[in-house]
Amino acid sequence: MAPATGGTPDLPRAGERVVVAGAGMAGVQTAVALREQGFTGSVVLIGAEPHQPYDRPPLSKAVLLGNAEGSAFDIDFEALGVELRLGLEVTGVRPGDHALDTEDGPVPYDTLVIATGAEPVRLPGSEGVPGVHLLRTLDDAQRLRPVLADRHDIVVVGAGWIGAEFATAAREAGCAVTVVEAADRPLAGALPADVAAPMAGWYAEAGVNLRTHARVARVEPGLVVLDDGTALPAGAVVVGIGARPATRWLTGSGITLGDHREIVADDRLRTSAPDVYAVGDCASFPSARYGERLLVHHWDNALQGPRTVAAGIVGGPAAPYDPVPYFWSEQFGRFVQYAGHHPHADTTVRRGDPAGAAWSVCWLREDRLVALLAVGRPRDLAQGRKLIEAGAPLDAEALTDPARPLKSAVR
């Protein structure tokens with residue numbers, strides 16, 4: 001079992017028991033990675049939802065539009081020797097007793113992996129109001145399908161990634177859509193103003209009414225009232241104003257949490273408690289590449305982290321966990337990809353016309369690429385991700401020519 005900090009872990013015995021709390025991408029991939037890396041003990045995967053474990057990205061696309069009934073992982077858990085316990089809420093953990101508390105009583109573990117993900121932020125005052133929806137779970141998507149099929153007038157609160165993706169699907173279904181955003185632009189919390197500004201035009205092109213500098217004063221059945229008194233008809237309201245780590249159940253556990261209530265993990269994704277790991281949306285990790293602690297709420301992080309966790313549990317070689325963050329979004333007919341972490345960049349380089357269909361933005365720090373946003377330019381993203389990992393010095397002037405491959409700018 002792996003120690004909480006430092007040291008060399010012992011090889012696990014066949015009788016050891018790993019319990020994984022959370023059956024989303026991070027939890028499922030942890031179970032898979034354990035078997036792939038030779039773990040022969042018992043693996044118990046606990047999920048709060050009653051459904052077979054499923055992938056989330058299709059929820060805002062195929063499942064929402066009725067093109068797919070679900071998005072269950074194509075994994076034979078029985079063949080893997082993974083015990084599924086679904087529809088079971090975790091309520092606490094007692095590291096000193098090596099026990100995970102659940103609605104059905106305590107579950108003992110030798111090693112615990114926390115992969116409970118994130119939960120959506122709710123719009124204050126909207127609880128219990130008919131017609132208000134979130135889009136995080138399979139049940140959420142299935143509740144929204146008839147709303148789209150009936151072509152209701154829809155108000156989306158929040159012009160972030162999920163708001164844009166839902167607005168895209170709703171327009172495809174033929175709904176009238178208004179997006180309400182408190183900031184002055186879409187993606188205000190994710191991208192600099194000069195980079196995000198062109199994206200506002202995407203809404204109008206798609207026939208979506210985007211209202212910025214707009215705050216919701218209250219929600220009534222069939223109506224959203226803004227703080228300036230404007231009343232927006234709303235057959236349905238979809239809230240997409242962010243997510244936070246699902247860690248409230250850890251209160252009193254002694255496991256260290258960070259400023260965003262996320263689990264503070266080390267560079268092997270170990271927590272402050274012995275024999276407890278944390279992976280995915282619920283945990284932050286120290287990045288040597290970026291010189292700060294990162295909290296990444298994206299699918300790729302939930303895919304990559306489990307390999308590090310499994311290596312720690314089985315006692316195999318494991319490099320420090322320091323991935324290049326990556327995510328993508330499909331919105332308004334555009335494929336948007338982002339890799340890296342840009343806040344501390346000192347140079348911004350644009351490739352192509354942001355009014356066009358395909359363009360990129362590169363962020364550099366001391367002549368090295370640290371982040372890249374690619375709109376309709378997947379080759380830029382693929383090459384840029386490798387350049388970020390390599391830390392190669394680049395010629396910023398050479399990057400400005402969108403006809404040249406990114407890799408040709410290496411000095």
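1. Q29 is buried, with a relative accessible area of 19%; buried means under 20% relative accessible area, exposed over 50% and partly exposed in between, using a 1.4 Å probe and protein chains only. Q29 belongs to helix α1, where helices (H or I, at least four residues) and strands (E, at least two) are DSSP runs numbered from the N terminus. Not counting residues up to four places away in sequence, Q29 touches A302, L303 and P306, contact meaning heavy atoms within 4.5 Å.

2. The model is predicted: local features need pLDDT of at least 70, side-chain atom pairs count only at pLDDT 80 or more, and totals for chains, interfaces and linings use all residues. Residues are numbered from 1 along each chain as its sequence is written, and side-chain values use heavy atoms, with hydrogens and water left out.

3. Helix α1 (residues 25–36) packs against helix α7 (residues 299–314) at an angle of about 35°, with the axes 8 Å apart. Axes are lines fitted to C-alpha atoms, for helices over the stretch in contact, and angles run from 0 to 180 degrees between N-to-C directions. The crossing of α1 past α7 is right-handed, that is, the near helix is turned clockwise from the far one by less than a right angle.

4. On the α1 side, the contact is made by M25, A26, Q29, T30, A33 and L34; their counterparts in α7 are W299, A302, L303, P306, R307, V309, A310, I313 and V314. By class, this contact has 12 nonpolar, 2 polar and 1 charged residues. Ala, Val, Leu, Ile, Met, Phe, Trp, Tyr, Cys and Pro count as nonpolar, Asp, Glu, Lys and Arg as charged, and the others, Gly among them, as polar.

5. P306, in helix α7, is buried, with a relative accessible area of 1%. Beyond residues up to four places away in sequence, P306 touches A26, Q29, T30, A33, V279 and N301. The C-alpha atoms of P306 and T271, 35 residues apart along the chain, are separated by 14 Å.

6. D300 also lies in helix α7. D300 is buried, with a relative accessible area of 8%. Leaving aside residues up to four places away in sequence, D300 touches V324, Y326 and R385.
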